[in-house]
Every structure is written in structure tokens, then in C-alpha cells.
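Please look over the sequence and the model before reading on.

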Number of protein chains: 2
Amino acid sequence: MNRQDLKHFLGGVARAIPRTTRWPLSTWGLTRNAGGELKRGGVALGGLLERYRSPLYVLDQARLDGNAARFLATPPGCARGAEPYYSYKTNPVPRVLQRLHLQGVGAEVASPYELWLALELGVPPSAIVFDAPAKTPDAVALAIDRGVGLINLNGRGEIALVAELARARHKRPRVGLRVVVPGGRAGQFGERIETGAALEAFREARARPELDVVGLHSHVNGEISTSAGLEALVTPMLAFTERLRRELGLELEVLDFGGNLACPTVARLPARALRLAVTFGREPDPRPPEAVLTIEDYLAQLISRVERHATARGVARPRIFLEPGRAMTSDTMMLLTRVLSVRGRDDAGATWAILDAGINVAEPVPHEYHHLLAVAPRSAETQRYRLTGPSCTMGDLLYPAWELPELAAGDALAIMDTGAYFVPLSTCFSFARPAIVSVHDGQVEELRRAETFEDLVARDQLAPPRVKEPRRSWPAARVDLRH
Amino acid sequence: MNRQDLKHFLGGVARAIPRTTRWPLSTWGLTRNAGGELKRGGVALGGLLERYRSPLYVLDQARLDGNAARFLATPPGCARGAEPYYSYKTNPVPRVLQRLHLQGVGAEVASPYELWLALELGVPPSAIVFDAPAKTPDAVALAIDRGVGLINLNGRGEIALVAELARARHKRPRVGLRVVVPGGRAGQFGERIETGAALEAFREARARPELDVVGLHSHVNGEISTSAGLEALVTPMLAFTERLRRELGLELEVLDFGGNLACPTVARLPARALRLAVTFGREPDPRPPEAVLTIEDYLAQLISRVERHATARGVARPRIFLEPGRAMTSDTMMLLTRVLSVRGRDDAGATWAILDAGINVAEPVPHEYHHLLAVAPRSAETQRYRLTGPSCTMGDLLYPAWELPELAAGDALAIMDTGAYFVPLSTCFSFARPAIVSVHDGQVEELRRAETFEDLVARDQLAPPRVKEPRRSWPAARVDLRH
């Protein structure tokens, strides 16, 4: 058997392995109308592209409200809930943020721009948490002046900066300190508990009367998808609060457990799944639903653990801050795109389709699992497609293998779970950026208009005289050769 | 020896391996003034950051003019030179494009936006080549109406589209056909020569009287860095022109060899180099200078090959179109950035420094070699740094290992060769995008102003009423717990 035949044979085997799971449409509150067309929030999706052009980000407002409510709920048996601060960097669309704030979610900001945006949107400063690996003096000064609820210092290096700015302003900002739990990767973040650096940082911060040291802050590396993963963060954080109490007499008001909770329907694609998809055309499997903590289970486990700990030690239950990003908004948005053209089958038996959305607006898709649906399927039978974006580069391969009903130019597809890291990582690579609309109760509202070509050069100084005819005279050369 | 010790030991070994090459400052026309500060185009770089804020893209106009002249030159012994069409997607900054056009370089556009931009900049339509894997009817119609010099059809699927639009307009557009040479990867591009599909596509296009079939177009996969790599494209293209002549009686006016010529000072980092840098702190080696074809050698080899082929067959020497991107502009820009903060050494003995430029404005850096220089070194001795960007994510690691003089907050660094795929792949991830200036003969000119916070929400519909106080009363809760 030659290499090509072997590939075909193995490809057949790989494709014949049944999918272990398949998310139903109800996962996203999707339905199909009588004609088979997808609907969300009471709105038929095909029509949206006619009205707002393709591609188009679509927010499901009810789901956004629902996720906010889930994060704000008090788990059964717990005294109080947690306080979620939405990670602005995940999806900084003002109307999305405003909606979350209206529900009672705070703002977690990680740059001068995000701090400005939260204040501009009218978020009460007390409902803002300011994180960042390296804060600029201007941003810290603004945070102090406005009375931001919590400034999480990234490490000892930021203590003097914040203390001196506070002193000059006769203010006493509320600060937390970011730590790295034993075994965790530090990178550019935090002070290690196991080396003693974290304790020293607290000691140093407490020695500055200008600082009101109220919080302990940590994140895990990667994502939290299981109880064990959550435990690996919570247990050492609680143990460290004991040391702070014992050695520094510090009773913390706030435990900030950061973000990183997974979205069940999204997952980083393992290298093996990618190889199978590229080489053998095998569609990647989604993560099994039971593999990921729900928001409810996450909160119940986390809060009850903290409350038990406080009760056992006879101390006040600290406030629990969370900084959800992905878990709050991933599944609240989708990206609608149209097929631009369909090409013949390639050597591996897959048909290529070129979409009007590529890595420019869907950066995470090549390396994350994102479900893909036909908006108005032409048939029940499916075939295997390779789907690329519109840009003129081979790297614009979104889905190396996906089963879809037969496609033709103009057909619409829905890329699911695009509410985290799609909009902020979008680029203007060859194309302007799309509009964002929300759907709710059959109503459509434009949250952000599509970028125009003029927008793309609005910051440019154009040379006053237009470009002259190039030195080389193409038309003349052309004539020479044609006759 | 435990794992940690072993890592330290091996790290020492890895670091002790001397660098095989090191580019001198003159590579980029850089000098240092008496105080040791870097200068380019007669401008001291430190002062630029004061005036235009950091980070900042800086274009060396003389080098841009120089690269254009190099691509336009006729190699010794050749009858004529090639016709370069700059790949707009590589760096679509109007003033950069205008400068290239003034020198006589044409425009290679790959999207409706890029076509619009070229026309807006006053590029004569005859000096525009329109490529794209899936062209939209509107863009094709515009290209036909304006008389674009060459429309390269991506495959058979585009023949009918272009022919029908042409017929409706009573025009006869000049078209080429993109092919894939034997052994090449097709992906979403072109028709294969080896399956006969390419010949069939030409036959079909020639049968449409509305189309003036003048060109043959191909690209290699990846980059062209050696004579052998160029030969692997040119030989089968020339052989295919013979088949077209023989079987269809078609004498081509244009051979379009696409882009992909490497920039000598930039290279994709091999996985091994990345592992050594991350794990052992070993600074990656640049590609040896002699490993990459110069623009001159590339042109000489390509053009003489085509001319010999024409002479041998007694036919007119076809026009040679090129679509350089990286080779034209990579080394004409750099990105200046400042150190925001410096952290202590980590377990592997590297000191962490956080810069104000990260993957948001330097997307290629984590996976490509880009030289890095201190703008005003504090000492001749160096130490090993890990350099990250400012965003609140571990993934924002730009340089896992780089030797630099001692750094302190505020120090400026220059990331070299940022003239290809930096600006178009930049994002608004937590930060606004920087300004672009040019330096030339001691003069500085702003080509694109920095983005403002207001710009970032200019397309957003803000809800008329500001967000109300969140439902949960943070300040009250705070008071409860603090006393």
C-alpha cells in the first residue's frame, strides 16, 4: 500500500469512529423554525446577515443575563454568594459590559484603557478590581483618586509605587497581593508562597501605612475544569490565609480567586485531535459535558469550602471575589459567516469551502473546539469539509475537518461560543471588522457598527499629492508585449 | 542530581554554546551616538518615545526606498527587470504604500478593502494585481470597471463569475490563473498542474471570449530562502508554459511568481530553539546571513532563468510579476517599546521584564526570530532576560531568553524587522494601537497617529442611561467586614 492509499485507508478508519458526544441545539437555546432555519433569541439568523452584512457577531442577551445571574446566585447551603468582576479583556464591548454591570457584576480591569472604560461606563469605582502585571503610574494614580475597590499588586515591585502615589494624594487605597500557590507557574505574575516571597510581600505592604491591605489574589495556570483543579487553588490559598493570620496578624477581607473557569462547550484542541483532523479529516470531538464544572458546581464547591474554613477557625467569612471571563461570556455569542466559494475535493477526500470569516475575526478557532452549524441546512446528509477564511494565506484554515450538509456560495454558518477572546483578538488583516448585534425576544439591536474602509485609514496622514503614475509604465509595457 | 539541579546544569551548558552569528548594527543602517544611544535615519531613537509615546512603530524611509529600488533593478546580464507588486496585506499603511508606489512598485491586493485602498491611493489600475482565494462579485465588478492590470483567478470556480461580470460590462479583463506546481500543497489555492486541472482551467478560460487570458500565477508553500527553493517553483512553471503553448497555442504575456522571498534577518523559530529558550534560557540563533537569498540573487536567478528559457525557444520574454511582502518591508520598520517593570530572577536564573509592547502589537515575535536591541544600554555586560508584554495573560511571552544590558523601568528597546505582519496582525487586546512614524535624514514624520481610548469605542452604541449602581452594594459589604 503506498503512502497515499494508506492515508485514504486510515482516513476511512478515523472517520468511521463515531463521535463520542454531540451537543444538542438546546445547549445554546437554539431552535430551528419550520423551514429548518436556526433561531436564537426569537430571531431567525439568516435574515440577520441580510440586514447587517456578513460576518456578524451575535449576542444572546438572555443568555448573558442568565450567566450573570448564575454567577451572582448563592449556592444552596451557603451564607452568601461570591462577587463576580467580569474580566474586561475577554470581551470589552461596552454594551456587553453595561449589561453585565446592570445585573450587578463588577469590572476586572487589566490596563489603563480598561480602567478608563469602566469609569466611562459609569461603573462605581468600588465595583472595580484593577489587576495588571505592570501598572503604570498614571493608571494607579487614577485608580487611587477614584477609589477603585481593589488594586491587586502584582508583587513586591509594585508596593512602593502604589504607596508613594497614595501618600502624595492623602488616600489609602485598598490593595491585594497576587501570589503563586506551591507548584504553580509564576511567569510574570505574583509572588511565590513556597519561597516565602509572598509572606515577605505582605509584611512589606502592611508596613506602609498608606496601603489598606485587604486582599489575597491568585489564579491557576490554564483553566479550571474539574473539582480537583479548583481544589488545587483553594486549599493552598486558605492555608496561606492561616499563615498571614498567625505571622502577621492579618485578617483578610477579600479572597480573590481570579478567573479561568472553563466553558463546557469550548476546549483547547489537543495536538492529536489537530493531527487527525488535518491528516485524516477526522472531526474533533467536543469535551464530554460531564468533564467540566458548571458555574453552579464551581461556586458551590468554592464558597462552601471557604465558609467551612472560616467557621472552623471562628473567623469572619471573607468576601469572595471572582474574575470570570470565558465562563461568563463564551457561550453568549456566536459568529455568523457566509460561504464565499466551494472548491472540489482534495486528495484526502475533503471539499474545501472558503468563508468570509477567518483568523481575522475568529482567532481562537484553529486551536480551540468551537461547534459549527449550518444556519439553513440544504439536506440531512453531511459531507466532510475543510473550511478556510477569506485571507490570502494558507494559515487561514479554521476547520480542517467538519461534517456539514452540502454547502454552496452564500450559505450561512454559525461558529458557536465566540464570546471570549474573539472580539478583542480580532485584527484588520485584509478585512474590516464586523458589526455586533444582540438578539432578545425577537428583537435585534446593533451594539457596534461594522467598520468601514474609511475607518481603517482614519488615523493615517495621507500625503497631500496623490501618487503619481509609477515610474515604470505598465500600460506601455503591456502594449509592447501584446502585439 | 534532581530535576531542578539538572535543569540548572544543562541550562549552563546550553547558555555556554557561543552564538554562531550576530548581526551587526550596520545590517539595519543603525548607529550609536557618542552617548551610546541608537540612531536610525539620523534620528536618536530615545527621544522619539518621549514625543510619540511608547510603543511606537518606526519606518526607515531610506531603507524602504532602497528595497523598492533593489526590486526594480535589472540584474546584470538580463534584458529587463521584474515588475514588483507589493503585497498589501503585509503592511497596509497608506504612507508606506504611497512611498512604494512613488518608486514605481505596483499593488498586489487580496481583498475588497485592499482593492479600494489601492484605488483610493491613486494607483493606476493597470499597476494593480488582484489575487484572493474567493473574490466577491462586487470586488470583481470594480476591478473590471476600473481596468485592473491583472485579475488572478484562483481556479476554475472563478472563471464563470469573472466572465459573466465582464460580459455584462462589455469589457475584457486581463486574467491570470493560479496553479499549483507538482508536489506543492494546494490548500485553498489554485489548480494542480499534475492532475491536469490547471490545463483544463486554462482551456476553459480561453473558451470565454470575455476573458483576456494573459497570465500564469503560482506561489510556493512557506518561504523562498534558497536557490533550490526558487528553482522548485520556476522550473515547473516554465515547463507548464510549454504545455500551454503546445496544447492550447497560448503564448503568455505574464508569469507571476508570487511572493514568499525571505527576509534574511527574520526566521520562523524551530521548535527546538523555542524549547531551549523556554526551558534552558538559551537565546535563539539568527539564521546565518549566507543562508538566505538576497533580493539581488533572487532576481538574477529568476530573471536569467526565464530569459534563457525564452531565448532557447525563440519566443518573447514574458513579463515577470513578483508580489513581494516580507522581503520588501520586514527590515524597514522596527518597534520601540519601554520596560514597564523588572522582576527578580526565576528558578531558571532569568530576570523577568515586562514591556509595554506584547502580542497585541508584535504578534510574530513569539514564533519568529526578531533581533532585539537596547536603545541606550546601561552597560556593556549583559544578563539573561525573559521579556513579556503588558497584557494580563501568561501567553504574552515575547522573548523567553534574550541577553541584554541591565534593564530598569523606562528603558527603551528596539524590536527589529517589524515591517511585515506586525501592523496588520495587531489587535486592541487591552491596549490601544500605537502610532507609526518615519525617520529620514534626521526628520521625523507621523504616518499614523496613535489610537485613542475614544477611538476604541467609536463604533459602539452606548446605552443612553449610564449603568446604575450594581444591585449588590459593594461599599456596604465592605463596611460590614472591615469593622
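## Domains of chain A

Two residues are in contact if their C-beta atoms, placed from the backbone, lie within 7 Å. The model discussed here is a predicted one, and in it chain A is divided into domain 1, made of residues 13-58 and 331-452, and domain 2, made of residues 61-329. The centres of these two domains of chain A, taken over C-alpha atoms, are separated by 32 Å.

Across the boundary, 38 residues of domain 1 of chain A are in contact with 33 residues of domain 2 of chain A. On the domain 1 side of this boundary, two or more residues are given by each of helix 1 (3-16), strand 17 (368-369), strand 20 (397-404), strand 22 (435-440) and strand 23 of chain A. Sorted by class, that side of domain 1 of chain A consists of 17 nonpolar, 13 polar and eight charged residues.

## Where the chains meet

Between the chains, 83 residues of chain A are in contact with 82 residues of chain B. Several elements of chain A each supply at least two residues to the side that touches chain B, among them helix 4 (94-103), helix 5 (112-120), strand 15 (333-345), strand 16 (351-355) and helix 14 (474-482). The side of chain A that touches chain B has 39 nonpolar, 22 polar and 22 charged residues.

## Packed helices in chain A

Two packed helices are described by the angle between their axes and the distance between the axes. For helix 5 of chain A and helix 6 (residues 137-146) of chain A, the axes come within 9 Å and cross at roughly 25°. Angles under 35 degrees count as roughly parallel, and therefore helix 5 of chain A is roughly parallel to helix 6 of chain A. The crossing of helix 5 of chain A past helix 6 of chain A is left-handed. Pro112(A), Leu115(A) and Leu119(A) of helix 5 make this contact with residues of helix 6 that include Leu142(A) and Arg146(A); by class, the contact has six nonpolar, no polar and two charged residues.

Helix 8 (residues 197-206) of chain A packs against helix 9 (residues 227-248) of chain A at an angle of about 50°, with the axes 11 Å apart, and these two helices are therefore oblique to each other. Here the crossing of helix 8 of chain A past helix 9 of chain A is right-handed. Among the residues that make the contact are Phe202(A) and Arg206(A) of helix 8 and Phe240(A) and Glu247(A) of helix 9. The residues of this contact between helix 8 and helix 9 of chain A divide into six nonpolar, no polar and four charged.

Strands of a sheet pair through backbone hydrogen bonds, either parallel or antiparallel. In chain A, three strands form an open sheet in the order 1-2-3 with antiparallel pairing, and its edge strands are strand 1 (31-32) and strand 3 (43-44) of chain A. Two bridges join strand 1 of chain A to strand 2 (residues 38-40) of chain A, and Thr31(A) has Lys39(A) as its bridge partner in strand 2.

Chain B also has an open sheet of three strands, in the order 1-2-3 and with antiparallel pairing. Strand 2 (residues 38-40) of chain B pairs with strand 3 of chain B over two bridges, and Arg40(B) stands opposite Val43(B) in strand 3.

Notes:
Residues numbered from 1 in each chain as written. Chains lettered and ligands numbered in written order. Predicted model: local features only at pLDDT ≥ 70, side-chain atom pairs only at ≥ 80, totals over all residues. Helix = DSSP H or I, 4+ residues; strand = E, 2+ residues; numbered from the N terminus. Nonpolar A, V, L, I, M, F, W, Y, C, P; charged D, E, K, R; others polar. Domains from an automatic or database assignment. Axes fitted to C-alpha atoms, helices over the stretch in contact; angles between N-to-C directions. Parallel < 35°, antiparallel > 145°, perpendicular 65-115°, else oblique. Left-handed = near helix turned anticlockwise from the far one by under 90°. Pairing = 2+ DSSP bridges.
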